[in-house]
Amino acid sequence: MKRCDHSPVWAQLQAHFAASGRGFDLREAFAADAGRFEALSFEAPELFADLSKNRVDGATLALLLQLARDCGLEARRDELLAGAPVNHTEGRAVLHTALRAPAGAASPFNAEVQASLDAMLAFAQSVRRGERGEITDVVHIGIGGSDLGPAMVVQALEADRLPGLRLHFVSNVDGHDLAPVLRQLDARHTLFVIASKTFTTQETLANAQAAKAWFLAAGGTDVARHFVATSSNTAAAAAFGIDTAFGFWDWVGGRYSLWSVIGLPIAIAVGAENFRALLAGAHAMDQHFASTPLERNLPVLLGLLDLWYRNFHGFTSRSVAPYHQGLRRLPAYLQQLEMESNGKGVDLEGQALPYGTSPVVWGEAGTNGQHAYFQMLHQGTDVVPVEFIAVKHPRHGASGELAERLADQHRKLLANCLAQSQALMQGKTAAEALTEKAPTASATLDREVLARHRSFPGNRPSTTLVLEALTPRSLGALIALYEHRVFVSGALWGINSFDQWGVELGKALCNQLLPRFESRDAMGLDGSTAGLLARLSA
């Protein structure tokens, strides 16, 4: 695949940006085109996307699509889906899409995937039916992709969870993560799920050993009945005392693993039918990505938009604002998905890149974010594109007067979502501010000075994604949308989105430093690390 800046279209985009992109004004664009919303709205499985509040027009999109084609994006996509070793630095295929293909599909490893899925779901159902004793609490111990995906999905699907079964997620090696969870538990009624592909992850194994020690001290006797592993290292799991371990393949990357047996806590929480619906929603988005023309292919359009903002406008971050409390962990999940995938500085040939790659991804659930960081989005010196996610129909499960009150609150939630994207685009001039009263303003402040304080630049871009309801199927589609979007931008940047060598150095240095806390030997360390070691180990 051709790197984006090696295409002649790159120079055309630079010229286009200089001529009209840099000074693009959303307010003028809407005033000049009554059909802008219709032209820049797109449908995908379970999703509606409004891209009209972005700094693009037909000419910009045409050039970006031309760039994608000239760089061979479609061929690269097909290689990914066919199981080619696109993770070339590790010599691996990347087949998370195969994990959600239905039984009998012409998909790589389909028979093995279905057998693994059936076994995992059968075990989850046995826990739900009480066949492993009365289980009231499930503690999932993992980190990174083995934690962020399952934790996010279980929170999002709260409306589908089995009543009376509590799910806990522990990831941080800091004991302050594990200890308060253990204080809530009864060893007789607790199941621990240890999620580590190799069963060697430092943080996960430390927490697992601490949980086992707690279990035995609390009177537990049957480790094999109360501990299960999602790991391919069955020998290490057996040495720990676990005889039920669900393995998976080396082509399942950590941040793409919730669709595999790593999703066991999801299956326990919501059941086999809902887990299959989650997979089905993701598969529907896979098919959309695989076969929809680029002009209407939502992951492709979002990936191109990311490139346009990062490499031409120079925007360095993107805020994700899901207006649904169930999606409150989605920004954290997307941080790993995007920044671990595309936070790279060299291309596939190991050559330094002359342009920026992954933006910083951050956010908070609406309306909480409005009362935290939206001030900067509206009036700060940096332009930050915002991604709003709205859910049309709530699933509170309430009845009577409470249901009516919560329905009214949902309308308020949606009104806030729309108002924020409208305000970011429209802004407010100082002249408009002069015509308004500001009850909390100082009476001694000059009116024109006050008006400048109360003006908003506007023309700040946003995307709005709309789900009819937050269900297993729509959530699966939403996650898959983001996965493919990250692939698109990474492919155009010419990087490997599927390794994570940047994580390795810190791990290696940690293993070297750990014994020094006992020996207090600072030989060979830099002055800062030596000084901090002395202070922390004294």
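How exposed is Glu436, in relative accessible area? Glu436 is partly exposed, at 35%. The model is predicted. A search of the whole structure finds 27 salt bridges. The largest pocket has a volume of about 1000 Å³, and the second largest pocket has about 490 Å³.

**Salt bridges**

- Side chains of opposite charge can pair when their charged atoms come close.
- Glu436 forms a salt bridge with Arg454, with 3.3 Å between the closest N and O atoms. This pair links distant parts of the chain, 18 residues apart. Glu436 sits in the loop between helix 18 (430-434) and helix 19 (447-453). Arg454 sits in the loop between helix 19 and strand 10 (462-469).
- Arg454 has 22% relative accessibility, so it counts as partly exposed.
- Arg485 pairs with Glu387 in a salt bridge, with the closest N and O atoms 2.8 Å apart. Arg485 belongs to helix 20 (residues 472-493) and Glu387 to strand 9 (residues 386-393). The two are 98 residues apart and link distant parts of the chain.
- Both Arg485 and Glu387 are buried.
- A network of salt bridges links Arg485 and Glu387 with Asp306, Arg318 and Glu338.
- Glu131 and Arg129 also meet through their side chains in a salt bridge, at 2.8 Å from N to O. Glu131 is partly exposed at 47% relative accessibility. Arg129 is exposed, with a relative accessible area of 56%.

**Nonpolar surface patch**

- Leu514, Phe517, Leu532 and Leu536 make a nonpolar surface patch of about 410 Å².
- Leu532 lies in helix 23 (residues 527-537). Its relative accessible area is 48%, so Leu532 is partly exposed.

**Largest pocket**

- The lining of the largest pocket holds 39 residues. Nearest its centre lie Thr201, Gly254, Gln500, Glu504 and Lys507.
- Helix 7 (145-156), helix 9 (202-217), helix 15 (330-342) and helix 21 (504-513) each give at least two residues to this lining. Helix 21 gives the most, with 5 residues.
- By class, the lining of the largest pocket has 17 polar, 13 nonpolar and 9 charged residues.

**Second largest pocket**

- The second largest pocket, of about 490 Å³, is lined by 21 residues. His324, Gln325, Gly326, Pro394 and His396 are the closest to its centre.
- Helix 7 and helix 17 (400-426) are the elements that give two or more residues to this lining. Helix 17 supplies the largest share, 6 residues.
- The lining of the second largest pocket divides into 10 polar, 6 nonpolar and 5 charged residues.

Methods
Residues numbered from 1 in each chain as written. Predicted model: local features only at pLDDT ≥ 70, side-chain atom pairs only at ≥ 80, totals over all residues. Heavy atoms only, no water. Salt bridge = Lys/Arg side-chain N within 4 Å of Asp/Glu carboxyl O. Buried < 20%, exposed > 50% of the residue type's maximum accessible area, 1.4 Å probe, protein only. Helix = DSSP H or I, 4+ residues; strand = E, 2+ residues; numbered from the N terminus. Patch = residues over 30% accessible without salt bridge, like charges linked within 9 Å, V, L, I, M, F, W, Y side chains within 5 Å. Areas by Shrake-Rupley, 256 points an atom, 1.4 Å probe, with all protein chains shown as cover. 1 Å grid on protein atoms, 1.4 Å probe; cavity = no way out; pocket = protein on both sides within 12 Å on 5 of 7 lines; lining within 4 Å. Points joined across faces, edges and corners; volume = space filled by probe spheres on them. Nonpolar A, V, L, I, M, F, W, Y, C, P; charged D, E, K, R; others polar.
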